[in-house]
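Welcome! Have a look at the structure first, then try each task before reading on.

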Amino acid sequence: MFPLNYLTLKNLTHKFEAREIHKRYIAVVEGLVEQDEGEIKLPLICDWPNRPLQKVCFEHGKSAHTRYQVIERNIEQNTTRVLLEPVSGRTHQLRVHMLSLGHPMLGDGLYAPEPVLAKAPRLLLHAQELWLNHPITGVEIRIEAKADF
């Protein structure tokens with residue numbers, strides 16, 4: 001999204017801060033996610049000695065909240081396709097939250113162990129859907145782009 005003027009920029013910034021812009025992602029993770037759906041609420045903070053990595057930190061981390069839903073489990077490949085909806089918007093939130101469940105994303109060059117990284121030519125995380133009310137007219141805008149994996 002690119003605002004064409006300052007007023008729109010200001011309005012979009014407010015919408016992001018107020019969590020009025022909604023996003024859904026598709027990811028493929030290692031292993032078979034046990035629960036069909038759930039929520040992850042773990043605080044995140046930058047892992048300064050290992051930048052740009054993020055980590056869970058209950059003492060100093062900022063709140064982070066992700067909802068997930070299993071779409072498909074592939075027993076032969078030992079992977080799960082999940083729909084992810086970040087409620088908050090922290091850096092690497094989806095990657096770190098799925099990792100915290102023991103399910104790193106395939107092709108993740110930052111967080112996945114080498115065997116999981118090697119299972120895909122790129123990070124299998126895709127922004128599939130975004131919706132918001134237009135910053136000037138208020139009309140709902142919904143953008144969808146299906147994952148190619």
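**Exercise 1.** Which residues does E30 touch, not counting residues up to four places away in sequence?

*Solution.* Before starting, note that this is a predicted model, where local features need pLDDT of at least 70 and side-chain atom pairs count only at pLDDT 80 or more, while totals for chains, interfaces and linings use all residues. Residues are numbered from 1 along each chain as its sequence is written, and side-chain values use heavy atoms, with hydrogens and water left out.

Step 1: find E30 in strand β1, which covers residues 22–30. Strands are DSSP runs of E with at least two residues, and helices are runs of H or I with at least four, both numbered from the N terminus.

Step 2: list the contacts (heavy atoms within 4.5 Å). E30 touches N78, T79, G102, H103, P104, L106, V116 and K119.

**Exercise 2.** Which side chains make polar contacts with the side chain of E30?

*Solution.* Step 1: recall that a polar contact is a pair of N or O atoms within 3.5 Å; within protein, one must be able to donate a hydrogen and the other to accept it, and residues adjacent in sequence count only if both atoms are side-chain atoms.

Step 1: apply this to E30. Its side chain has a polar contact of 2.7 Å with that of K119, and another of 3.5 Å with that of N78.

**Exercise 3.** Is E30 buried or exposed?

*Solution.* Step 1: take the cut-offs, with buried under 20% relative accessible area, exposed over 50% and partly exposed in between (1.4 Å probe, protein chains only).

Step 1: E30 counts as buried because its relative accessibility is 17%.

**Exercise 4.** How many disulfides does the structure hold?

*Solution.* Step 1: a disulfide is a pair of cysteine sulfur atoms within 2.5 Å. The structure holds 0 of them.

Step 1: check C46, which is in no disulfide; its nearest cysteine sulfur, in C57, is 11 Å away. For C57, the closest cysteine sulfur is that of C46, and 11 Å is too far for a bond.

Step 2: look at their surroundings. C46 is buried at 17% relative accessibility, and C57 is buried too, at 15%.

**Exercise 5.** How many helices and strands are there in the protein chain?

*Solution.* Step 1: count 3 helices and 8 strands.

Step 1: read them from the N terminus on, as α-β-β-β-β-β-β-α-α-β-β.

Step 2: Of its 149 residues, 41% count as buried, and the C-alpha trace spans about 50 × 35 × 25 Å along its principal axes.
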